[in-house]
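The following paragraphs walk through a structure, starting with one chain and ending where two chains meet. Please keep the sequence and the coordinates at hand while reading.

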Amino acid sequence: MSLSHFLVALAETGQVAVSPEFVEDEDGDVGAVLLEMDRVTRLNLAGSAPEFVPDAASWSARLLYRGCQFLVCRDVDGGILTTALQEPCPTAHSPGTDYSADLALQYLPDLIHMARQVASGDPLVQQLLIIAREWPLSSVGVRGLEAVSVESFISDAALRQLYVDRVLAREDVSRLGDSRVAQAVREALGAFPELCHTVAEQLEVPTAP
Amino acid sequence: MSNWAACITVADFAELAALRLFPGLECGEANGMIWLRGNASGEELDRTLAKVPGLERFEVLESGRLKSPHSRIPGETLPPVAWRPLKELLLPALPTAAMAGETRQKLALTLVRSGVEQPPAALLTTLSAWTGFAERAPVIRLDGLAFAVSDDQQALVLGKPVPPLPGIRMVNQSGILTPCGFAWSPPVEPVALKDLFALGPNDVVVLAEEGTHQVIRSEQFVRASRSAARATREEFNAHDR
C-alpha cells in the first residue's frame, strides 16, 4: 500500500495496510491527499484554521507510515527504527506547522496504544513517546508523558479549541497543568460540568444550582 | 312427545332469542308463521314464553289438535313443519359497533401561561446566531444537538445544553415544543397531540405563542457540527447571491 493509499484509508476507515519494504520514494498523490485532508479538517475546526504547511504534513505522514511499518515488522534493527523515527520536521514549530503535522499525527495516540499492547518496553514505544512529547497537539490522551509545552499553538484560537476538544473527549487531565488550557477547558464546559465529570472535578467546576 | 306449541310471525322471529338456551326447543316455518314446540316445561320456561311479545301458545292434545288457553274448544292441528333446534336457527352475533359521536363543537388548541417549571430543551433562533455559535463552539457543546433551518432563516436547535443564544427557549414534551412558561390548553396528553399532528417517532411540532404551529419531520434535522453549520450558512449565502 502506497503512502497516499495509506492516508486515504486512514482518513476514511481507520484501517490501514503497510508495505514491508522500507522505501523512501513518495508517490505523487500524497500532496493531493493531504490537501483534501486539510480541506475536510478545516471545515470542522473552530474558526479559521492556520495556514497549511505541505512539508510538515508530508513529513508527519511519512513518520506515521513508518511507525505503522515498525509496529507490524517486529524484526527490524533498533538502530534503523530510531533513525527512521528521529527524522526532524523540515519546518519549525508554529501554528501552521503543528496543524499540518497533526493531519497525520492525530492518529499517533492510537498507534502508541497498539504498540504498547504488543510490548510496552519496546524501542518503538519509546520513540513514539518522544514524538508525542514534541507534538502535544496530536498526543492528547497518551499516558506517561511529562509536562508538555503548548507554546507553539496555544495562541491560535482554532488549535486551542481543537486541543480543548481532545482534552475533554479523552478526559486527559494531565494536560490541565497549563493555566491557559485550564481556562479554555473551563470556558468550554461553562455551567455544564456534567458534560465531562472527570475533567470538571479536576478543575473544580461548580455544579449549577 | 311435545305437550305444548306456540307460533309467532316470521317478522317477529328474533323475539324468540330469549328462549334459545332452553333445552329441547324446536321450531320451523309453515304458512308464514314460525312454530315452536318443546318437550319440557317449567316455571322459568313458562315465564320466558309469556314475555315474548306476539307469541301465541297452545296446548297440544293427544288427538294432535291445538287448544288455546283462551278457548275451551280445540281448534286447528299442528301444521307439518320441518323441525330444527331453535339454537341452530337463532345464531348469536356481535353487536354492531355504535356510530362514533359527531363532534359539533371543537376546542381550539391554545397556549396558556403555565406555572410549571421545566428545563428548556430546544431553541428557536436565527440562522446567523446559530451558525456564529456552532462554527466556534466546543465539540462537547454540540454533541447533543441537532438543528433544522427554515427558508426564512430561522433555526430550531434541539437538545441539551441549549446554546446560550438569543431566541425563544422551548420545552420539549415528547416532540411537542412550547415556549418556556407556556403549556397547551386543553391539557391533553402529549400522545394525543402527536396523533393530532400525525407526528412520526422523532418528528416535532412547534406550538407558537400567536397560535400557529409548525411540524418538522425528523429527516429535516441534521446533527450539529461545525461543518454542518458552515455548509448550511454557505448554502443560504449562495442562495441569496
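Which residue takes a positive phi just after helix 1 of chain A? In this predicted model, that residue is A:G14, with a phi of about 80°.

Helix 1 of chain A has several buried residues: A:L3, A:S4, A:F6, A:L7, A:A9 and A:L10. They pack against helix 2 and helix 3 (54–72) of chain A. Further along, A:V16 sits in the loop between helix 1 (3–12) and helix 2 (30–43) of chain A. A:V16 itself counts as partly exposed, because its relative accessibility is 33%. Its C-alpha is 30 Å from that of A:S174, a residue 158 positions away in sequence.

Next come the charged pairs. Side chains of opposite charge can pair when their charged atoms come close. Over all chains, the search finds 17 salt bridges. One of them is within helix 2 of chain A, where A:D38 and A:R42 are four residues apart, about one turn of the helix. An α-helix has 3.6 residues a turn, so residues three or four places apart point the same way. The closest N and O atoms of A:D38 and A:R42 are 3.1 Å apart. A:D38 is buried, at 7% relative accessibility, whereas A:R42 is partly exposed, at 28%.

A second pair, A:R166 and A:D102, has its closest N and O atoms 2.8 Å apart.

In chain B, the side chains of B:D46 and B:R57 form a salt bridge at 3.3 Å, N to O. B:D46 is in helix 1 (residues 43–51) and B:R57 in strand 4 (residues 56–60) of chain B, so the pair ties together parts eleven residues apart in sequence. B:D46 is partly exposed at 34% relative accessibility, and B:R57 is partly exposed at 27%. Back in chain A, salt bridges with shared partners join A:R62, A:R66 and A:E87 into one network.

What of the cysteines? The count of disulfides over all chains is zero. For A:C89, the nearest cysteine sulfur is that of A:C68, 18 Å away. A:C89 counts as buried because its relative accessibility is 17%. For B:C7, the nearest cysteine sulfur is that of B:C27, 12 Å away, and B:C7 is buried, with a relative accessible area of 5%.

The last topic is the interface. Ten residues of chain B are in contact with 16 residues of chain A. The area buried between the two chains is about 1,200 Å², with carbon and sulfur atoms giving 55% of that area. Of the area that chain B buries against chain A, 46% comes from B:I140, B:R226 and B:R230, more than from any other three residues. One salt bridge crosses the interface: the side chains of B:R226 and A:D165 meet at 2.7 Å, N to O. Helix 4 (139–142) and helix 6 (226–240) of chain B each supply at least two residues of the side that touches chain A. By class, that side of chain B has four nonpolar, one polar and five charged residues.

Conventions. Residues are numbered from 1 along each chain as its sequence is written. Chains are lettered from A and ligands numbered from 1 in the order in which they are written. This is a predicted model: local features need pLDDT of at least 70, side-chain atom pairs count only at pLDDT 80 or more; totals for chains, interfaces and linings use all residues. Side-chain values use heavy atoms; hydrogens and water are left out. Contact means heavy atoms within 4.5 Å. Buried area is the accessible area (1.4 Å probe) that two parts lose on being put together, summed over both. A salt bridge is a side-chain nitrogen of Lys or Arg within 4 Å of a carboxyl oxygen of Asp or Glu. Ala, Val, Leu, Ile, Met, Phe, Trp, Tyr, Cys and Pro count as nonpolar, Asp, Glu, Lys and Arg as charged, and the others, Gly among them, as polar. A disulfide is a pair of cysteine sulfur atoms within 2.5 Å. Buried means under 20% relative accessible area, exposed over 50%, partly exposed in between (1.4 Å probe, protein chains only).
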